[in-house]
There are 2 protein chains.
Amino acid sequence: MAEVLKIAVAGLGTVGAGVVSLLQKNGDLIAQRCGRHVTVTAVSARDKAKDRGCDLTGMTWFDDAVTMAREADCDLFVEQIGGSEGIAKEACEAALSSGKHVVTANKALLAVHGTALARLAEENGVSLNYEAAVAGGIPIIKAMREGLAGNRINSVQGILNGTCNYILTTMRETGRAYADVLAEAQALGYAEADPSFDVDGVDAAHKLAILAALAFGREVDFDGVHIEGISRIAAVDIQYAEELGFRVKLLGMAEAHDDGVMQRVHPVLVKGDAPIAAVEGVFNGVVMEGDAVGTSVLEGRGAGAGPTASAVVGDIMDIAAGRFVPVFGVPVSALQPAASLSMDRRFGAYYVRLRVIDKPGVIAGVTAALRDEKVSMESIIQRGRDPNEPVDVVLTLHETTEAAMNRALQRIMDLDAVIEPPHMIRIER
Amino acid sequence: MAEVLKIAVAGLGTVGAGVVSLLQKNGDLIAQRCGRHVTVTAVSARDKAKDRGCDLTGMTWFDDAVTMAREADCDLFVEQIGGSEGIAKEACEAALSSGKHVVTANKALLAVHGTALARLAEENGVSLNYEAAVAGGIPIIKAMREGLAGNRINSVQGILNGTCNYILTTMRETGRAYADVLAEAQALGYAEADPSFDVDGVDAAHKLAILAALAFGREVDFDGVHIEGISRIAAVDIQYAEELGFRVKLLGMAEAHDDGVMQRVHPVLVKGDAPIAAVEGVFNGVVMEGDAVGTSVLEGRGAGAGPTASAVVGDIMDIAAGRFVPVFGVPVSALQPAASLSMDRRFGAYYVRLRVIDKPGVIAGVTAALRDEKVSMESIIQRGRDPNEPVDVVLTLHETTEAAMNRALQRIMDLDAVIEPPHMIRIER
């Protein structure tokens with residue numbers, strides 16, 4: 001058997017401790033499967049005294065992760081600190097620069113500094129693996145980077161944030177309001193005290209930028225992702241969607257066009273029988289379209305100590321077994337500069353809910369606004385009748401450009417009878 | 001860039017020709033992703049004159065695949081001949097023995113001779129990859145053998161045969177009878193002229209035996225798989241199942257027990273909202289349970305030139321890039337001898353449909369038979385009333401052993417009023 005692979009783990013929160021535990025618990029199996037023993041030789045975290053439920057005997061303690069990355073007697077550095085800047089970034093750079101492989105679950109770091117880190121890994125001849133950064137336990141990075149590598153990927157889309165999916169699923173199942181369900185999710189530990197990273201779509205956008213780089217062989221371009229969150233989704237929109245045969249999901253989507261890649265994260269209506277519609281609760285799911293394979297769907301737990309540790313340990317085992325893959329599937333020099341297309345270029349169908357005063361001529365005004373922007377209606381439904389009081393008007397619109405749709409919505413908003421900004425959700429077929 | 005990887009392809013049917021085409025079409029991408037060019041240098045098939053829609057210029061033609069495996073100037077042998085014996089087996093053995101890597105889509109060969117072939121590959125220091133053998137384009141072998149390798153797998157189950165799934169889906173959607181839908185599937189090319197390999201569950205069992213070897217680190221044991229096909233499923237069973245909240249699927253299932261592994265392929269009722277229930281038509285889907293990752297689901301096209309070629313080319317690229325994995329995840333010497341448990345050990349719930357003469361005392365007789373074998377009823381429904389004529393009685397039974405269930409069914413069959421052998425389908429929760 002080959003020499004022991006020595007590992008240093010920085011960050012011993014739920015996930016970091018989960019990695020240490022899994023390496024210990026399934027140690028024999030892991031050694032058998034990758035042909036050598038894997039041992040944690042060093043650890044670092046903020047508080048040495050804290051009980052983390054895993055045995056740290058025999059591991060060298062470092063107060064400072066960067067020092068550990070540089071100086072610890074290890075072959076591989078596991079980063080579980082988090083955040084795109086500061087210690088996480090410095091420690092990963094230090095590890096790569098000193099010829100150590102890096103395994104990380106840090107999507108923010110990769111989304112913002114992925115290309116530079118990939119270059120650093122390449123220069124030092126080491127691996128930078130990050131399966132746990134996207135969709136937790138689902139081996140999606142491996143599927144795209146290796147299993148489906150013979151394909152030209154046309155598009156990738158996914159439910160990439162379990163918190164948002166839990167909130168939307170619960171809203172649909174219970175009919176309750178967003179704020180109410182969010183508060184419950186916080187109480188259950190499914191959402192952070194400050195939930196903005198999740199509910200505003202930033203976390204999903206980090207993951208999408210990584211997937212887009214990998215799918216299309218381009219430099220990571222987080223800034224090029226159009227991002228909208230779920231906080232504007234009303235319970236009533238979810239109900240109308242269901243009546244129309246749709247479910248509301250927060251999707252991350254990346255598609256190749258002739259002149260660039262469109263990357264976007266926003267709520268969408270998907271057909272109720274689409275595979276992605278069946279991904280419910282805290283689960284994540286990713287759908288890829290490859291030119292040879294067609295549609296491929298992967299689904300599983302997107303977060304939590306177990307799934308994340310599973311992904312991190314899988315990455316470690318690849319390195320232990322000497323299996324190497326370029327960070328974004330091709331050498332950094334082959335990555336295309338990122339041309340991210342504007343959201344205005346989006347071409348698709350739309351759902352729009354209007355709050356209007358129920359009086360003669362309202363529908364005529366709305367339909368005229370649409371006609372003037374050449375937006376074609378699929379259906380229009382006025383819910384309830386309540387003369388001179390506010391009622392909902394729900395529209396679905398045939399495929400058009402985002403730009404035309406926005407102009408039409410501006411015209412509609414200018415109508416006297418329309419008393420709230422239109423509630424628009426894009427429809428993905 | 002490293003030296004060109006030279007490939008010989010044996011068998012140029014739809015899939016073999018698809019592999020050649022994909023290697024040509026995405027050649028630049030493939031070279032970029034695996035760091036070297038991949039070129040087909042030799043081919044073999046039955047009829048040299050046939051037009052296969054792919055360019056064979058510059059490739060050496062062999063009339064005999066075994067000779068090609070032994071003598072062609074190549075590093076890697078792609079086997080697309082099929083069948084567990086004869087030329088396919090001889091050619092793979094010849095290739096491995098002469099130090100050539102082998103990539104195959106041949107599930108029958110691996111299910112029957114997998115352990116011996118793995119040993120031969122190991123002795124010769126070459127790879128034997130077979131992603132395309134199970135679930136076509138879905139990278140399930142890679143997920144289990146690498147991505148989820150840090151997990152102890154508890155169970156794996158899957159819809160592994162697209163023909164059966166297409167038939168069952170269409171029966172449910174249209175209410176039509178099995179024979180009718182099978183004939184249509186044959187006309188559409190979804191089923192073979194002799195469909196027995198598919199509809200009798202043998203094809204799914206080949207795939208399951210491979211998955212079980214991989215999941216549990218055991219020698220392949222195709223003979224240990226309990227196999228039942230779908231030909232006894234009536235349209236009416238599918239309808240009753242749906243009323244009860246279930247779908248009928250042909251599942252392959254393997255579960256680890258303390259004293260062995262249970263491997264079985266048979267029709268089951270699964271809950272309508274289970275992930276596997278959403279895998280419809282010609283799609284395949286696999287659900288794994290790992291101790292760290294929890295539930296993981298992979299879904300995609302299980303057959304066809306494109307998906308199969310995608311899997312074969314992914315396998316080739318791993319070899320081109322120098323990434324090696326033991327055939328069944330661990331060295332052959334570490335594989336456990338296969339202890340396959342008898343189906344009698346199955347413990348679960350059951351659906352039973354009886355054809356009975358509608359007369360007083362029938363239900364009393366049935367329930368007494370169940371009581372005598374300590375089988376506990378969950379529900380009993382008599383469909384229709386038609387004194388002294390045949391009617392359906394549909395039962396669902398709480399969890400019990402297969403052995404007890406069979407004894408109870410024998411007692412029921414012996415009742416005068418019961419005029420057909422009971423139609424039993426196992427329920428999987």
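## Helices 4 and 5 of chain A

Helix 4 of chain A passes helix 5 of chain A in a right-handed crossing. Please keep in mind as you read that this is a predicted model. Helix 4 covers residues 87-97 and helix 5 covers residues 107-123, and the two pack at an angle of about 15° with their axes 10 Å apart. How are these two helices oriented to each other? An angle under 35 degrees counts as roughly parallel, and helix 4 and helix 5 of chain A are therefore roughly parallel to each other.

On the helix 4 side of chain A, the contact is made by A:Ala88, A:Lys89, A:Cys92, A:Glu93, A:Leu96 and A:Ser97. Helix 5 of chain A answers with A:Leu109, A:His113, A:Leu117, A:Leu120 and A:Ala121. Sorted by class, this contact has 7 nonpolar, 2 polar and 2 charged residues.

## Helices 2 and 12 of chain A

Here is a second helix pair to look at. Two packed helices are described by the angle between their axes and the distance between the axes. For helix 2 (residues 27-34) and helix 12 (residues 305-320) of chain A, the angle is about 40° and the axes are 9 Å apart. Helix 2 and helix 12 of chain A are therefore oblique to each other, and helix 2 passes helix 12 in a right-handed crossing.

Which residues bring helix 2 and helix 12 of chain A together? From helix 2 of chain A come A:Ile30, A:Arg33 and A:Cys34, and these meet A:Val313, A:Met317 and A:Ala320 of helix 12. By class, the contact of helix 2 with helix 12 of chain A has 5 nonpolar, no polar and 1 charged residues.

## The annotated lysine

UniProt, in an unreviewed entry, places the feature "active site" at A:Lys207. This lysine, A:Lys207, sits in helix 10 (residues 202-216) of chain A. Is A:Lys207 buried or exposed? Its relative accessible area is 5%, so A:Lys207 is buried.

With neighbours within four places in sequence set aside, A:Lys207 is in contact with A:Lys107, A:Ala133, A:Val134, A:Ala135, A:Leu160 and A:Asn161. One of these partners, A:Ala135, comes up again in the next section.

## Alanine 135 in both chains

Most residues other than glycine have a negative phi. A:Ala135, however, has a positive phi of about 60° although it is not a glycine. A:Ala135 lies in the loop between strand 6 (128-129) and helix 6 (140-147) of chain A. At 1% relative accessibility, A:Ala135 counts as buried.

Turning to chain B, phi of B:Ala135 is near 60°, again a positive value in a residue other than glycine. B:Ala135 is placed in the loop between strand 6 (128-129) and helix 6 (140-147) of chain B. B:Ala135 is buried, with a relative accessible area of 0%.

## The annotated binding site

For "binding site", an unreviewed UniProt entry lists A:Ala10, A:Gly11, A:Leu12, A:Gly13, A:Thr14, A:Val15, A:Gly16 and A:Ala17. Among them, A:Gly11 belongs to the loop between strand 1 (5-10) and helix 1 (14-25) of chain A. A:Gly11 is buried, with a relative accessible area of 12%. Leaving aside residues within four places in sequence, A:Gly11 is in contact with A:Gly16, A:Ser44, A:Gln80 and A:Ile81.

A:Thr14 is placed in helix 1 of chain A. Is A:Thr14 buried or exposed? Its relative accessibility is 62%, so A:Thr14 counts as exposed.

A:Val293 is found in the loop between strand 11 (283-290) and strand 12 (294-301) of chain A. At 1% relative accessibility, A:Val293 counts as buried. The C-alpha atoms of A:Val293 and A:Gly150 are separated by 9.1 Å, while the two residues are 143 residues apart along the chain.

Which residues does A:Val293 touch, not counting residues up to four places away in sequence? In chain A they are A:Leu148 and A:Asn151, and in chain B they are B:Gly137, B:Arg301, B:Gly306, B:Pro307 and B:Ser310.

## Helix 11 of chain A

Helix 11 of chain A runs over residues 235-243, and A:Ala235, A:Asp237, A:Ile238, A:Tyr240 and A:Ala241 are buried in it. Just after helix 11, A:Gly245 takes a positive phi of about 90°.

Notes
Residues numbered from 1 in each chain as written. Chains lettered and ligands numbered in written order. Predicted model: local features only at pLDDT ≥ 70, side-chain atom pairs only at ≥ 80, totals over all residues. Heavy atoms only, no water. Buried < 20%, exposed > 50% of the residue type's maximum accessible area, 1.4 Å probe, protein only. Helix = DSSP H or I, 4+ residues; strand = E, 2+ residues; numbered from the N terminus. Axes fitted to C-alpha atoms, helices over the stretch in contact; angles between N-to-C directions. Parallel < 35°, antiparallel > 145°, perpendicular 65-115°, else oblique. Left-handed = near helix turned anticlockwise from the far one by under 90°. Contact = heavy atoms within 4.5 Å. Nonpolar A, V, L, I, M, F, W, Y, C, P; charged D, E, K, R; others polar. UniProt positions renumbered as here; feature names shortened; annotations may be inferred.
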